[in-house]
Amino acid sequence: MYIDTHAHFDMCMKDADRKETDILAIMNNENVQRAVHVSIDVEGLIWSYNFSKAHKDEGILFTLGIHPSSNASDQELKILSEMVETVKRNNDVSLLFGIGETGLDYYRMRKPVDMQKKSFEFQLDLAIRNNLPVIVHSREAFEDTFSVLQKRAPVKGIMHCFSGDAAMARKVLDLGMHVSFAGNVTFKKAAALQEAAAYVPEDRLLLETDAPFLTPVPFRGKPNWPENVVHTYKFVAELRKQPLAKLIDTIEENFTLINSAG
Ligand SMILES: [Zn+2]
């Protein structure tokens, strides 16, 4: 089976006329049997939880978190940690894949650096306290992201949509983290990123769509959907000179381990 470790189902549906049941049916047809729906703001937390509960038999897990571009006041951080408690009280922790996505985004810079850092540190500690993986977003903020993570190393978590080179990947791996590649690894000019995807050791590699963003080749330019992770698998298998079946098994093993380590 294929696994999409990072998708935003709510955003996928907002911009297109595909219904929830259609998305899941197409995924199933393509043998994408697991996917993680990733939360980005306080407003979406309950939707994420309900979406995963409704589709747990179809392999949908969810995260709770606040993206660095979303508002993260003290009040909102409190709501987030209360939500984690609610999920625990309801015995639904098996659906909660991790905390995030959180991190730093200096490219969009939609929120002040202070707010981003405080929110990132809060969510990292929330993940550690609950022994959950943290899903980290870092855009044009590698040094700062790294130094926040380093203070808490070893970190159980995923550097999502990794977009650096092999040397940066080495630093992330040294923190104890997994590295996840999205559709941009298939882009023609992504030589350094492809080098990183070939470099990451087998037991730390994950793949994702980040749908509706970063649609892989050959559908680049169109909206992205979770089933497109299949194309990223095929590309990365070739890049790593590995049989596709072997890569499928490897990623399933990694995903199962990080998901059950709680
Ligand atoms: Zn994302």
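User: Happy to start at the sheet: how many bridges pair β1 and β2 in the parallel sense?

Analyst: Good place to begin! This is a predicted model, where local features need pLDDT of at least 70, side-chain atom pairs count only at pLDDT 80 or more, and totals for chains, interfaces and linings use all residues. Residues are numbered from 1 along each chain as its sequence is written. Strands here are DSSP runs of E with at least two residues, helices are runs of H or I with at least four, both numbered from the N terminus, and two strands pair if DSSP finds at least two bridges between them. Within this pair, Asp4 stands opposite Ala35 in β2, and the number of parallel bridges between β1 and β2 is four.

User: Thanks! What is the strand order of the open sheet?

Analyst: The sheet has eight strands with parallel pairing. Its edge strands, β1 and β8, each pair on one side only. Neighbouring strands are turned by 25° against each other on average, direction ignored. The order is β1-β2-β3-β4-β5-β6-β7-β8.

User: Which residue in β3 is the bridge partner of Val36?

Analyst: β2 runs parallel to strand β3 (residues 60–64), and three bridges join them. In β3, the partner of Val36 is Leu61.

User: Is Ala35 buried or exposed?

Analyst: Ala35 has its place in strand β2, where five of the six residues are buried. A residue is buried if 20 or more other C-beta atoms lie within 10 Å of its own, exposed if 12 or fewer, and partly exposed in between, with C-beta atoms placed from the backbone. Because Ala35 has 30 C-beta neighbours inside 10 Å, it counts as buried.

User: Leaving aside its neighbours within four places in sequence, which residues is Ala35 in contact with?

Analyst: Two residues are in contact if their C-beta atoms, placed from the backbone, lie within 7 Å. Leaving out neighbours within four places in sequence, the contacts of Ala35 are Asp4, Ala7, Met27, Gly59, Ile60 and Pro226.

User: And β5: how many of its six residues are buried?

Analyst: β5 (residues 134–139) has a parallel partner in β6 (residues 157–159), over three bridges, with Val136 opposite Met159. It also pairs in the parallel sense with β4 (residues 96–105), over five bridges, and there the partner of Asp105 is Arg139. β5 is largely enclosed by the rest of the structure, because the number of its six residues that are buried is five.

User: Moving to the helices, which residues of α9 are buried?

Analyst: Helix α9 spans residues 229–239. What covers its buried residues includes β1 (2–7), β2 (32–37), β7 (178–181), α8 (191–199), β8 (205–207) and α10 (244–260). The buried residues themselves are Val229, Val230, Thr232, Tyr233, Phe235 and Val236.

User: At what angle do α9 and α10 pack?

Analyst: Axes are lines fitted to C-alpha atoms, for helices over the stretch in contact, and angles run from 0 to 180 degrees between N-to-C directions. The axes of α9 and α10 are 9 Å apart, and the angle is about 110°.

User: Which residues in α10 do the α9 residues meet?

Analyst: On the α9 side the residues are Tyr233, Lys234, Val236 and Ala237. On the α10 side they are Leu244, Leu247 and Ile248.
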